[in-house]
Amino acid sequence: MTKLTIDDNSFNCQNDETVLDALIRQDVDVSHACKKGTCHCCMLRSSDSMPPSISQEGLKDTLKNLGYFLSCLCTPVQDMSIKLPEQSEIFSAGKIVVNEMLNRNTILLIIECQDVVEYKAGQFVNLQRQDGLTRSYSIANTPKEDKTLEFHIRQLPGGKFTGWVFDELKVGDTLSVSEPLGHCFYLPERKEQGILLVGTGSGLAPLAGILKDALLHGHSGPIQLFHGSSEFEDLYRVDEMHQLTKENPNFTYVPCVSGQHVPEGCSKGRANTVALDALSDLSGWRVFLCGHPEMIETMKTDAFMKGASMKDIYTDAFLVSTPE
């Protein structure tokens, strides 16, 4: 057993227990989300010793040197004195410039953030409100001169953060924005390669950004986008995607509806199933999967079985929150 000290308070950490789990067990209010080292929401700082190297994987060298670590990956081997992160070191100020509905349960949020300049469409950032509540959202746009970031935020039943976004957040309000994270983005290489994009719900956000990035770079290979939902009313930007197919002969867009009522122009079934039925061989293709984690895990295996190399499969599994 080791001891964790935050300010003047001490907490016990059981053997083989992570710092995050120990703090949650003892009702310490610490930000967290994925609990697997992806979102970086649970970052803390060790003030008296270097944390285990595994808990610093994926962090910038500057943050490592300052003693930052991911508490969900840190199983301490000695007593640790811990500090909450310095906001100025990992977050920048952002201002809401657009807040409007994309469909009945998804908001378009555009944030002006002067300090976030290096990013790729399809990466994600952590958005944090003033009380420290933090959530991860994918970037839907390519870099712009006005230094704005676009997000598509779907309301979750009982979701504390999304409830606040939908009910209280307005144009002109500010929140904190982390540095961009994640590896689900387009690289301008092998431009003749086929690209398969499969998403559910607001999973269209990173896929739309990846699509536009590929088109801007003159990708010549086929690009196929399958976007699905249980009801047509939960799809969005359908007309925009259809317009892109007219402007780009190598791009195909297939809206998918898995419910009973399937409007003309949509394919019936789940997006991943429709995509697999349409493409018999994914050898040499680049595959991007965004949305519900169960869909991603299933489709990742299926794409591999149809010939896609694991190194060419990129995923962005959205956290499925429970009511808070």
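**Close-up views of a predicted model**

**View 1. Helix H5 and the glycine after it.** Gly218 follows H5, and its phi is positive, near 70°. The structure shown here is a predicted model. H5 covers residues 204–216, which makes 13 residues. From first C-alpha to last, H5 reaches 18 Å. That is close to the 18 Å expected at 1.5 Å a residue.

**View 2. How H5 sits in the structure.** Buried here means under 20% relative accessible area. Among the buried residues are Leu204, Leu207, Ile210, Leu211 and Leu215. Asp213 is buried too. So are Pro206 and Gly209, along with Ala205, Ala208 and Ala214. An α-helix has 3.6 residues a turn, so residues three or four places apart point the same way.

**View 3. Thr106, a buried residue in a strand.** Thr106 lies in strand E7, which spans residues 106–112. Its relative accessible area is 0%, so Thr106 counts as buried. Which residues touch Thr106, leaving aside neighbours within four places in sequence? They are Glu100, Met101, His152, Ile153, Arg154, Phe166 and Tyr236. Thr106 also has a polar contact, side chain to side chain, with Asn105 (3.1 Å).

**View 4. Asp146, in a loop between two strands.** Strand E9 (134–138) comes on one side of this loop and strand E10 (148–154) on the other. Asp146 is found in the loop. Its relative accessible area is 43%, so Asp146 is partly exposed. The side chain of Asp146 makes a polar contact with the side chain of Thr148, at 2.8 Å. Not counting residues up to four places away in sequence, Asp146 touches Glu112 and Gln114. How far is Asp146 from Tyr186 in sequence and in space? The two are 40 residues apart in sequence. In space they are 21 Å apart, C-alpha to C-alpha.

View 5. Why does Met305 count as exposed? Its relative accessibility is 64%, and exposed means over 50%.

How values were computed. Residues are numbered from 1 along each chain as its sequence is written. This is a predicted model: local features need pLDDT of at least 70, side-chain atom pairs count only at pLDDT 80 or more; totals for chains, interfaces and linings use all residues. Side-chain values use heavy atoms; hydrogens and water are left out. Buried means under 20% relative accessible area, exposed over 50%, partly exposed in between (1.4 Å probe, protein chains only). Helices (H or I, at least four residues) and strands (E, at least two) are DSSP runs, numbered from the N terminus. The expected span of a helix is 1.5 Å times one less than its number of residues. Contact means heavy atoms within 4.5 Å. A polar contact is a pair of N or O atoms within 3.5 Å; within protein, one must be able to donate a hydrogen and the other to accept it, and residues adjacent in sequence count only if both atoms are side-chain atoms.
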